[in-house]
2 protein chains.
Amino acid sequence: MDSWVDGQPADVLSLKDRGLAYGDGLFETIAVRAGQPLLLERHLLRLAEGCSRLAIAADQALIRSELTAYASLLGEGVLKLILTRGDSQRGYAADPRAQPRRILQGNAPATYPAAHAEQGIRLFPCTTRLSEQPLLAGLKHLNRLEQVLARSEWQDSEHAEGLMLDLSGRVIEGVFSNLFLVRDGALFTADLSRCGVAGVMRAEILFQAASLGIPTEIADISLEQLQQADEVFVCNSVYGIWPVLACGALRWSAGPLTRKLQRIARTLLDA
Amino acid sequence: MDSWVDGQPADVLSLKDRGLAYGDGLFETIAVRAGQPLLLERHLLRLAEGCSRLAIAADQALIRSELTAYASLLGEGVLKLILTRGDSQRGYAADPRAQPRRILQGNAPATYPAAHAEQGIRLFPCTTRLSEQPLLAGLKHLNRLEQVLARSEWQDSEHAEGLMLDLSGRVIEGVFSNLFLVRDGALFTADLSRCGVAGVMRAEILFQAASLGIPTEIADISLEQLQQADEVFVCNSVYGIWPVLACGALRWSAGPLTRKLQRIARTLLDA
């Protein structure tokens, strides 16, 4: 399906766009089923939070209506929204009159092997570490060189995802996923106030777990805690939940809490 | 003057470009006088270093010849080169067959007030801190949200530049400049192995100072050391050198070593 730029079909972008010049913008990757953008409210919430923190004055109602209209035409697949601060002249100073730019791209449904969800995956232990930047932490912004470098560390198909630590050695997330661990029946995921992307599925899992009365904790996670976990899984809003069986020399089994949450995630993504 | 994309006049870019999606690329901003790209060898050297560290397999000879040809047509102004990893499908994994993309943009000569160089400037003390990421430190890559945020901290014309510290409180650089200080006849500039952009004019000044027998040191710089400096200046490859007179409550004078190096920088930029 054709991409849209500011609501019009287009396959190119102005060279003056600050998304290109500085990565000055945000994005959302949204699963679409039966013409519906899934977990739309959570995607819009994160986008609005990003706009607020980066001071990008985007029309949220317009974005919502375009996402809905585009998803309706796409039918089934993955919708990517890129929102940039718009055009500017040379230099970091933004033009206060610049209009934020909305780019919508439609892709075919993701085609991950069914075994990823059914049996589980291996994580590649990335040596690329996440830097700490509280001003940008949690946002799905366009400055993603760390993820590009981390993803370039493995080419084999043995590893479905990579594990990323921060520069202090804390366990943070996958390259394109968030990470959870289970210990003594409680659910843990990394504090993302210094780095990382606060995923929409992560937020949904925290909400669903709390609704089920499962204790949840957002905390710093050490490699030792990861090693001692009863279960480990990764998640995102496109594939749902994948159990993690291994990372380097570490081993886990796909356990009951992972399977319970996986069924819930699947229901959400089956719309 | 028209921009070029991969050697052809163009004012738009493929929406699939990874420069837009992830800031997956590098840039150089080059002063052009009398049809010549100034400090070209140093710009090419930094670009090649960036390509090596990001594993972008760009044709350096082709880039050189395009820069030279474009500058010749531009005549006078500022040439911006953006080099991206090229197009890719959705996802952080790069397509090994992707062709890096070359974007050349021509701008009019920079129009800074003459007083910046003649009398000196005030630095705005930015609260936006630089994160530490050794894998990217020194490179002029396209992930520049920290600079965007820092530059948004002041709108007045009293401040010509901003001072950026890293998250540990070290004095690193300006938003679009490198910073030097003079103490007891020696020249100091920040170690950029954890963060910062290793500017072309910074490299040239270090080289010129060493040639003149001026002691130079690349070191961690504290706010106390900045405060106690005899002279402070900022530099880049477009404007040369600006003496720094103030930053917040701190005060300095435009001193003799700053003036000596400023004359050399001016000669280099007068081609």
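This note sets out, point by point, how the two chains of a predicted model are arranged and paired.

1. Relation of the two copies. Chain A can be superposed on chain B with an RMSD of 0.0 Å, using a turn of 180° and a shift of 0.0 Å along the axis. The two copies are thus related as by a two-fold rotation axis.

2. Surfaces that meet. Chain A contributes 58 residues to the contact, and chain B contributes 58 residues. Of the interface residues of chain A, 100% are also interface residues in chain B, so the copies meet through the same surface.

3. Buried area. Between them, chain A and chain B bury about 4,300 Å², and 67% of that area lies on carbon and sulfur atoms. On the side of chain A, the residues that lose the most area to chain B are A:L15, A:R90 and A:Y92, which together account for 20% of what that side buries.

4. Polar links across the interface. Which kinds of polar link join the two chains? The count of residue pairs in polar contact between chain A and chain B is 18, with both residues at pLDDT 80 or more. Salt bridges across the interface of chain A and chain B number 0.

5. Elements that build the interface. On the side of chain A that touches chain B, two or more residues each come from β3 (12–14), α1 (18–22), β4 (25–33), α2 (40–54), β6 (77–84), β7 (101–107) and α5 (145–151) of chain A. The largest share of that side, 6 residues, is given by α5(A). By class, the side of chain A that touches chain B holds 29 nonpolar, 15 polar and 14 charged residues.

6. The six-stranded sheet of chain A. In chain A, 6 strands form an open sheet with antiparallel pairing, in the order β2-β1-β7-β6-β4-β5. The edges are taken by β2 (8–9) and β5 (36–37) of chain A, each with a single partner strand, so one side of each is left without a neighbour in the sheet. Inside this order, β4(A) and β6(A) are joined by 8 bridges in the antiparallel sense, and A:I30 has A:L79 of β6(A) as its bridge partner.

7. The corresponding sheet of chain B. Chain B likewise has an open sheet of 6 strands, ordered β2-β1-β7-β6-β4-β5 and paired antiparallel. Here β2 (8–9) and β5 (36–37) of chain B stand at the edges with a single partner strand each, so one side of each has no neighbour in the sheet. Strand β6 (residues 77–84) of chain B is joined by 7 bridges to strand β7 (residues 101–107) of chain B, and these run antiparallel. In this pair, B:L83 stands opposite B:R102 of β7(B).

8. Parallel pairing in chain B. Strand β8 (residues 121–125) of chain B pairs with strand β15 (residues 240–247) of chain B through 3 bridges, the two running parallel. B:L123 has B:C247 of β15(B) as its bridge partner. β8(B) also pairs with strand β9 (residues 159–165) of chain B in the parallel sense, over 4 bridges. In that pairing, the partner of B:P125 in β9(B) is B:L163.

9. B:L163, already named as the partner of B:P125, stands opposite B:G174 in β10(B). β9(B) and β10(B) form a hairpin with 5 residues between them, and B:G169 in the turn has a positive phi of about 90°.

10. Salt bridges. How many salt bridges does the structure hold over all chains? The total is 38, while the interface of chain A and chain B has 0. In one salt bridge, the side chains of A:R101 and A:D87 meet at 2.7 Å, N to O. A:R101 lies in strand β7 of chain A and A:D87 in the loop between β6 and β7 of chain A, so the pair ties together parts that are 14 residues apart in sequence.

Methods. Residues are numbered from 1 along each chain as its sequence is written. Chains are lettered from A and ligands numbered from 1 in the order in which they are written. This is a predicted model: local features need pLDDT of at least 70, side-chain atom pairs count only at pLDDT 80 or more; totals for chains, interfaces and linings use all residues. Side-chain values use heavy atoms; hydrogens and water are left out. Copies are superposed by least squares on the C-alpha atoms of residues with pLDDT of at least 70 in both. Contact means heavy atoms within 4.5 Å. Buried area is the accessible area (1.4 Å probe) that two parts lose on being put together, summed over both. A salt bridge is a side-chain nitrogen of Lys or Arg within 4 Å of a carboxyl oxygen of Asp or Glu. A polar contact is a pair of N or O atoms within 3.5 Å; within protein, one must be able to donate a hydrogen and the other to accept it, and residues adjacent in sequence count only if both atoms are side-chain atoms. Ala, Val, Leu, Ile, Met, Phe, Trp, Tyr, Cys and Pro count as nonpolar, Asp, Glu, Lys and Arg as charged, and the others, Gly among them, as polar. Two strands pair if DSSP finds at least two bridges between them.
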